[in-house]
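Here is a short briefing on the structure shown below. It runs from overall make-up to individual residues.

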Amino acid sequence: MSRAVEGSTITAVLRRIDLKVRVNQTLHHLSVATCLVLGALLLMEVTVLLVPVNVPPGGLIVGAGSAAFLAFLLWSQVGARRLERAAGVADQRAGLNDEIKSAYWFMRQGDSSPWIDLLVGRAAETARQLDPRGLVPVTVPKRFGVALVLFGLLQVIALVPSDGPLLSFAAASDSTRFEQAREAYADDIRDLIDGEGEELLNDEALALLEEALEELEAAETSFDDLLRDLREAQDAFEEGNLEMTATRDALEELVEEFSGSEELAEFVDALRNQDLSEAVEGLRELSEGLGDLTGQQLEELAELLQDASQIDEPVIDELLAALQEAAEAISEERLADAQEAMERVAAALEEIADQLARQEANNQASEATQEMQQAMAQQPGGSPGQNQMQMSQNQSMAGQSSEASTASPSSEVARSDGSSGAQSGPAGNATGDPSGGALELGASTTLEAQLALEVIDGAAPESAEEQRELDPEDLFQEASRQQSSIVQYRDVRAPSEYSRGSALNAERIPWRYRSLVKKYFLAIRPDERK
Amino acid sequence: MTTTQIDTQVSDFTEQFQRVKDEISRVIVGNEEIIDGTLISLLAKGHVLLEGIPGIGKTKIVATVADVLHLKFSRIQFTPDLMPGDIVGSDVVHESDTGEKHLAFQEGPIFTNILLADEINRATPKTQSALLEAMQERSVTVGTTTHRLSPPFFVLATQNPLEMEGTYPLPEAQLDRFFYKLKIQYPEADHMHEIMDRTTRREEPEAGMVLDRDEILVMRDTARSVPIARAVQDYAIRLTLATHPDTPHAHPLTQRYARFGASPRGTQTLVIGGKVNALLNGRVHVSCEDIRAFMLPALRHRVLLNFEGEAERVETDTILEAIMKDTPEPSE
């Protein structure tokens, strides 16, 4: 048989084997691609079921996967030496010891010699006996089973009724949650601005809220910006708290001064009950009845008013000045002037009542603002960013409390724990209300945390450094590092080599010392590759 | 030459090799790998270094091979006081019948076909060099005259790995000249019984002559004619490069424990040994299996361990086995 015929026999068999190999390879790649695409779809479906995220449509995934698969198939065929590969497969599967591979290589080279002819002839004979179908059976990859399971899972998930993401608030990102709640936040702010007693509210705070509302409606604000605006508005609402507290204290002192007086009993009771309109009414009745009082009573009243006008409370200085005028007029028996002065006292009290009412309204607005912030920040297992935001909010609240000087000092400790701040209630208002919120102790600072902080600051305790165990090799080389070498390397190399050879070839080193000896020579060896 | 003649030649090769093996096996018990390695080295124009403890038949194997091959055999017992002239010969004064005196070259024991260099590491490097030069050049130069050694020239050197004191270990460059380094293992119990049975009777078995010099030379030519495909040759090269710590093909064990890898002579050994092995299996091409078959004896003395390898007592065989395991065969 001629060499050409033998060559064509081998080539024909290799082509058939190559076809089978390619079919198997394509099936393999197809199974992998199918699993990947179905896996991606399944992952997306599960994600959508759990958290509110925007995912690309399934068709896009399938299309992209198909395109990538086709591109990979084309790429894998470009430049592939298919018949050589088939020869390799034939040799491997039939256990031919590289016979077909060698013969095909010599055929491609075009070499000719009796030995090569014999090799090709033998290979052709072997190839003729090969059964490509049996050698490379077309098999469906088991991975298709996995693909089937994935497909089934996709169908099952499609049947699951869904009213939205199961973990929407827990897993959604700040921005996603914010986008969804934007309208609700706008409604809350609108209610606050347009609610009852709007005319009593702080103008600056209202302006801030209106600005925030506009930005919210125009979708020009972020979660953090809105929080900041609300915090600033809350600060503005609470601006008058300090003055209001001082005014209440002054009124209480006034009550103390007037207590015991029969003529002022009605007025004092009203003040004690913080019913300023009743107090104003009582004062006016007293003013009208001044003429009915005896000289003794007038003298006592003048003395009381004079003493009360001397208290040091600048927040009610107008009222005190009117009181002093009234006292002087009564003592000088100028009852008309006294009545006029008493009327000024009543007017001053009315103004104070208005101020207190206005501040109460502002405080209520402040609470509403704070509740909005807490609602925004409240999230179980929130992200660090949210916790940080909440913490800064609580710090702000703590700051306000200390300004008011009426809040318990421990409230600051309680709010140092970011997670508990949301439940601490409106403790930030400076009304002095002891029921402002339950106090909770924050996590204590552990020694480890303190040490870590010190390390961050570059002030690690020396003991930590000392405690680090030195590697024996470091110990060995420590001395060398600390002083410059005084012996020339070439003076050391030869004895070192000699000692090494002697140790290895002649000396009997006890096993327990072998590791030590090895470490010694490893430590002093020169770099062998140089 | 036709393909039919080659076919016959291949069959003859296999059959003659088997006959030699069978004849040797009449005297030598077991040690098939040693016998195969020795004969392959002979047919590949190489030399063999036999390593083993005393008394396990190193010298017996060599003597039996010489008996079977019908070749001239010499034995040199290497000792520290052995001189190069004792091996290669020297010019001596001859007196003719007429009383005329002249210098004539007196051939040393190296002028033989099979030379047993017993305990080669006991001679001084100078003497070792004289032998190793002859192994490489297949000629001996004395004075200004070069004397060719008659082919086949086959050296079987032995060395004892235990008694190293007072020895001169062969330098790496000279070890490289040995085709194979064969390690003779202590015989197993079954083989010990067989040895006792054969050697403690009145008559010990003797090996007859099977091959003559011409047949050996033909077999040598036949072995070199076997073609090898590029992919298989590439496999042999990759295996060799994997023993070099500085090449991209380096095996992790090589990188850790080896200082230098096998030389190109090592690759030649793999390929030529593979060709002989292919013929012994009736094939007319070399396969990767043939390359691997004698990789350990071909490369074990060509891989030099670094200090860490020596300190850890790592065997080069361990590294080579890992390389064989981890180097993939060509897929196409």
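Two residues are in contact if their C-beta atoms, placed from the backbone, lie within 7 Å. On that basis, residues 24 or more positions apart account for 71% of the contacts in chain A with a separation of 6 or more. The model is predicted. Chain A has 25 helices and 0 strands. Of its 530 residues, 26% count as buried.

**Contact between the chains**
- Chain A gives 29 residues to the contact, and chain B gives 29 residues.
- On the side of chain A that touches chain B, the elements giving two or more residues are α3 (82-94), α4 (99-109), α5 (114-129), α24 (489-505) and α25 (511-524) of chain A.
- The largest share of that side, 8 residues, comes from α5(A).
- By class, the side of chain A that touches chain B holds 11 nonpolar, 5 polar and 13 charged residues.

**α5(A) against α1(B)**
- α5(A) packs with helix α1 (residues 3-27) of chain B at an angle of about 85°, and their axes are 9 Å apart.
- Angles of 65 to 115 degrees count as roughly perpendicular, so α5(A) is roughly perpendicular to α1(B).
- From α5(A), the residues A:Pro114, A:Trp115, A:Asp117, A:Leu118 and A:Gly121 take part; they meet B:Thr3, B:Ile6 and B:Asp7 in α1(B).
- This contact of α5(A) with α1(B) has 4 nonpolar, 2 polar and 2 charged residues.

**Helices of chain A**
- Helix α1 (residues 3-50) of chain A has 48 residues, which should span 70 Å at 1.5 Å a residue; its end C-alpha atoms are 69 Å apart, in agreement.
- The buried residues of α1(A) include A:Ile10, A:Val13, A:Leu14, A:Ile17, A:Val37, A:Leu38 and A:Leu41.
- A:Glu6, A:Asp18 and A:Thr34 are also among the buried residues of α1(A).
- The buried residues of α1(A) pack against α2 (58-77), α3, α4, α5, α6 (132-135) and α7 (143-159) of chain A.
- Helix α11 (residues 223-237) of chain A has 15 residues and reaches 21 Å between its first and last C-alpha, close to the 21 Å expected at 1.5 Å a residue.
- Buried residues in α11(A) include A:Phe223, A:Leu226, A:Leu227, A:Leu230 and A:Phe237, along with A:Asp229 and A:Gln234.

**Sheet of chain B**
- An open sheet of 5 strands runs in the order β2-β5-β8-β1-β9 (chain B), with parallel pairing.
- β2 (73-77) and β9 (180-183) of chain B are at the edges with a single partner strand each, so one side of each has no neighbour in the sheet.
- From one strand to the next, the twist averages 20°.
- Strands β5 (residues 114-118) and β8 (residues 154-159) of chain B run parallel and are joined by 4 bridges.
- In this pairing, B:Leu116 stands opposite B:Leu156 in β8(B).
- Helix α3 (residues 58-69) of chain B packs on the sheet and touches β1 (48-51), β2, β5 and β8 of chain B. The direction of this helix makes about 170° with that of β5(B).

**Backbone exceptions**
- Most residues other than glycine have a negative phi, and most peptide bonds are trans.
- The peptide bond from B:Pro151 to B:Pro152 is cis, with omega near -10°. B:Pro152 lies in the loop between β7 (145-148) and β8 of chain B.
- A:Asn97, not a glycine, has a positive phi of about 55°. A:Asn97 sits in the loop between α3 and α4 of chain A. A:Asn97 is partly exposed, with 19 other C-beta atoms within 10 Å.
- B:Arg313, not a glycine, has a positive phi of about 55°. The loop between α14 (307-311) and α15 (316-326) of chain B holds B:Arg313. B:Arg313 counts as exposed, with 9 C-beta neighbours inside 10 Å.

Methods: Residues are numbered from 1 along each chain as its sequence is written. Chains are lettered from A and ligands numbered from 1 in the order in which they are written. This is a predicted model: local features need pLDDT of at least 70, side-chain atom pairs count only at pLDDT 80 or more; totals for chains, interfaces and linings use all residues. Ala, Val, Leu, Ile, Met, Phe, Trp, Tyr, Cys and Pro count as nonpolar, Asp, Glu, Lys and Arg as charged, and the others, Gly among them, as polar. The expected span of a helix is 1.5 Å times one less than its number of residues. A residue is buried if 20 or more other C-beta atoms lie within 10 Å of its own, exposed if 12 or fewer, and partly exposed in between; C-beta atoms are placed from the backbone. Axes are lines fitted to C-alpha atoms, for helices over the stretch in contact, and angles run from 0 to 180 degrees between N-to-C directions. Angles under 35 degrees count as roughly parallel, over 145 as roughly antiparallel, 65 to 115 as roughly perpendicular and the rest as oblique. Two strands pair if DSSP finds at least two bridges between them.
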